[in-house]
Amino acid sequence: MDLDPEGLFRDDSDEDDDNVQEREANKEMVIYLIDASPKMFTPATTAKADEKEETHFHTIVNCITQALKTQIIGRSHDEVAICFFNTKEKKNLQDLAGVYVYNVTDREPLDRPDARLIKEFSCIEDSFVNNIGSRYGITSGSRENTLYNALWVAQALLRKGSVKTVSKRILIFTNEDDPFGGLTGAVKTDMIRTTIQRARDAQDLGLSIELLPLSRPDEEFNMSLFYADLIGLEGDEIVEYLPSSGEKLEDMTNQLKKRMMKKRKVKTLSFAITNDVCIEAERSFICNDTGALLQNPEKRFQVYNDKIIKFSARELSDVKRVSSHHLRLLGFKPLDYLKDYHNLRPSTFIYPSDEQIFGSTRVFVAFHNSMRRLGRIALAFYGNPTRPQLVALVAQEEVTSAGGQIEPPGMHMIYLPYSDDVRYPEEVHLTSDVVPHATDDQIKKASNLLRRIDLKNFSVCQFANPALQRHYGILEALALGEDEMPDVKDETLPDEEGLARPGVLKAIEEFKASVYGENYDQEEAEAAAAKAGASKKRKAASDAAEQKSAAYNWAELADAGKLKDMTVVELKSYLTAHGLPVSGKKEALISRILTHLGK
């Protein structure tokens with residue numbers, strides 16, 4: 001059992017016993033297949049007069065650049081290739097027209113992303129037209145099918161590696177929903193048929209083909225014209241695909257490193273369900289005098305009631321041992337038995353592992369599914385003889401979005417309190433009449449405020465560590481040779497824009513008025529003004545006392561014994577100037593001055 005919040009386990013009903021390697025498919029190979037036709041260089045949105053128009057091509061370059069930066073940190077073993085189709089120049093091993101595999105020196109076409117690839121690819125727009133060029137690849141009167149060629153080149157690039165251990169994907173970026181729109185008749189039908197068949201052949205080999213469509217300002221991308229058949233969509237899937245792909249594209253552009261950071265594994269635990277299965281290690285004892293191996297372990301004894309009670313080392317160990325495993329299941333309780341105040345310290349996330357005991361994932365999944373279905377928590381013993389602890393195991397379902405996994409499935413291990421850890425301070429005030437109680441109106445206003453500022457679909461995984469993000473931002477700037485560090489958004493700061501919404505402001509004002517009164521702001525301002533006025537008066541009095549005190553040499557007066565000849569007002573000027581108390585009779589004031597002077 002690993003304390004590791006990363007990864008995804010699947011239901012074992014979909015998996016054969018002999019196909020264990022499939023669970024380990026944690027490496028990914030991705031081909032970014034980018035349409036380079038002239039339509040991709042048209043404005044993506046309607047820009048204002050003072051804004052620069054952004055093209056679809058620019059959007060895709062920026063999107064892939066951000067994805068590669070994140071990939072280097074989060075999934076450094078993944079491999080990528082960047083391939084343009086509908087180009088004037090051609091560059092691929094198959095020598096197919098209209099397809100250009102982009103790469104940099106000293107790097108394989110399909111390889112891990114590096115700083116040089118990111119840096120040069122991010123600036124490709126400046127030289128694309130001159131070095132690579134753009135054209136309409138599928139035109140009337142031509143038998144050339146650049147999309148077919150691009151799928152062939154992408155499939156060839158993904159030949160290495162087994163689909164059992166590597167996830168292989170082809171991502172197509174285009175704003176052309178009908179690539180064969182300029183053709184008619186049998187030529188068009190034949191090209192559509194052969195292109196779709198090429199895609200299905202690739203899918204049969206275990207390659208996943210995804211489309212990230214871009215809608216032009218004047219018209220929405222129509223999946224039904226061609227690409228629904230290419231990637232295998234039917235019925236409602238076609239309608240739902242466009243919004244989900246838009247979210248995926250936005251997520252790629254604004255990827256957060258927190259989603260791809262591998263969580264640190266704290267330790268590996270053995271989870272004991274019953275006593276039927278256990279692993280036992282043998283220990284040997286050596287005689288200190290002779291070095292001989294003792295056949296029986298040494299005995300220890302304890303005098304009790306005038307009798308000598310003998311114990312073996314094993315028996316003593318068993319007496320001290322509360323549990324023979326790191327984590328032992330005790331039973332189950334309804335989920336509502338667990339209260340918020342039971343969580344004394346941050347919980348730990350546990351996740352199954354088959355590294356040492358094969359079959360752990362299968363048992364864990366069975367427990368996880370049953371606990372979710374029946375609404376139960378598991379109670380277990382966790383710890384060691386010197387630090388025993390009762391814990392609650394709460395099953396968490398997987399949370400995903402268009403951009404991938406947000407929260408993994410697993411169990412939260414919540415450390416339960418001992419009985420004396422739970423306090424009941426409210427019992428002290430049950431019979432007291434001086435304890436303030438909220439009115440019904442105050443409770444209503446507070447509830448309304450909480451509803452207004454409630455975070456919908458909240459997850460701790462939505463927030464990144466700003467210090468860690470800044471650290472990786474500095475590394476990124478150094479690797480790419482950039483003079484300026486990328487902006488890092490601190491998501492832990494309050495949402496000032498959200499709190500400034502009219503509805504929220506109204507709820508805050510109503511709650512404040514119900515608790516503190518209608519004139520609270522005015523009273524606060526008057527109190528602050530009065531405090532400021534009193535402070536000014538004290539400052540003026542202190543300045544006058546310092547000025548008056550500076551006219552005397554107090555050390556000489558003290559040595560000559562002339563302090564008793566001074567007036568009380570003069571003595572208090574010294575005390576006020578040095579921030580000392582001015583209360584008491586004249587003798588007390590003189591004593592206080594002498595003490596301050598060290599006399």
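1. Let's start with the overall layout: the chain has 17 helices and 17 strands. Helices (H or I, at least four residues) and strands (E, at least two) are DSSP runs, numbered from the N terminus. This is a predicted model, in which local features need pLDDT of at least 70 and side-chain atom pairs count only at pLDDT 80 or more, while totals for chains, interfaces and linings use all residues. Residues are numbered from 1 along each chain as its sequence is written, and side-chain values use heavy atoms, with hydrogens and water left out.

2. Two totals describe the chain as a whole. Of its 599 residues, 34% count as buried; buried means under 20% relative accessible area, exposed means over 50%, and partly exposed is in between (1.4 Å probe, protein chains only). Among contacts between residues at least 6 apart in sequence, 69% join residues at least 24 apart. Contact here means heavy atoms within 4.5 Å.

3. Leu 338 lies in the loop between β11 (327-334) and β12 (348-350). Leaving aside neighbours within four places in sequence, Leu 338 is in contact with Ile 377, Ala 392, Val 394, Ile 414 and Leu 416. Take Ile 414 from that list: Leu 338 and Ile 414 are 76 residues apart in sequence and 9.6 Å apart in space, C-alpha to C-alpha.

4. Now find helix α4 (residues 146-157) and helix α5 (residues 185-204), whose axes come within 9 Å and cross at roughly 15°. Axes are lines fitted to C-alpha atoms, for helices over the stretch in contact, and angles run from 0 to 180 degrees between N-to-C directions. α4 and α5 are therefore roughly parallel to each other; angles under 35 degrees count as roughly parallel, over 145 as roughly antiparallel, 65 to 115 as roughly perpendicular and the rest as oblique. On the α4 side, Leu 147, Tyr 148, Leu 151, Trp 152 and Gln 155 meet Thr 194, Thr 195, Arg 198, Ala 199 and Ala 202 in α5. By class, this contact has 6 nonpolar, 3 polar and 1 charged residues. Ala, Val, Leu, Ile, Met, Phe, Trp, Tyr, Cys and Pro count as nonpolar, Asp, Glu, Lys and Arg as charged, and the others, Gly among them, as polar.

5. For another helix pair, look at α10 (residues 440-452) and α13 (residues 502-516): their axes come within 9 Å and cross at roughly 155°. That makes α10 roughly antiparallel to α13. By class, the contact of α10 with α13 has 7 nonpolar, 4 polar and 4 charged residues.

6. Finally, the rings: the structure holds 17 aromatic pairs. Rings of Phe, Tyr and Trp (its six-membered ring) pair if their centres lie within 6.5 Å; planes under 30 degrees apart count as stacked, over 60 as edge-to-face and the rest as tilted. Tyr 148 and Trp 152 form an edge-to-face pair, 6.3 Å centre to centre with 80° between the planes. Both lie in helix α4, 4 residues apart, about one turn of the helix. Tyr 148 is partly exposed, with a relative accessible area of 22%, and Trp 152 is partly exposed, at 32%. Phe 221 and Tyr 227 form a tilted pair, 6.0 Å centre to centre with 40° between the planes. Phe 221 counts as buried at 5% relative accessibility, and Tyr 227 is buried at 1%.
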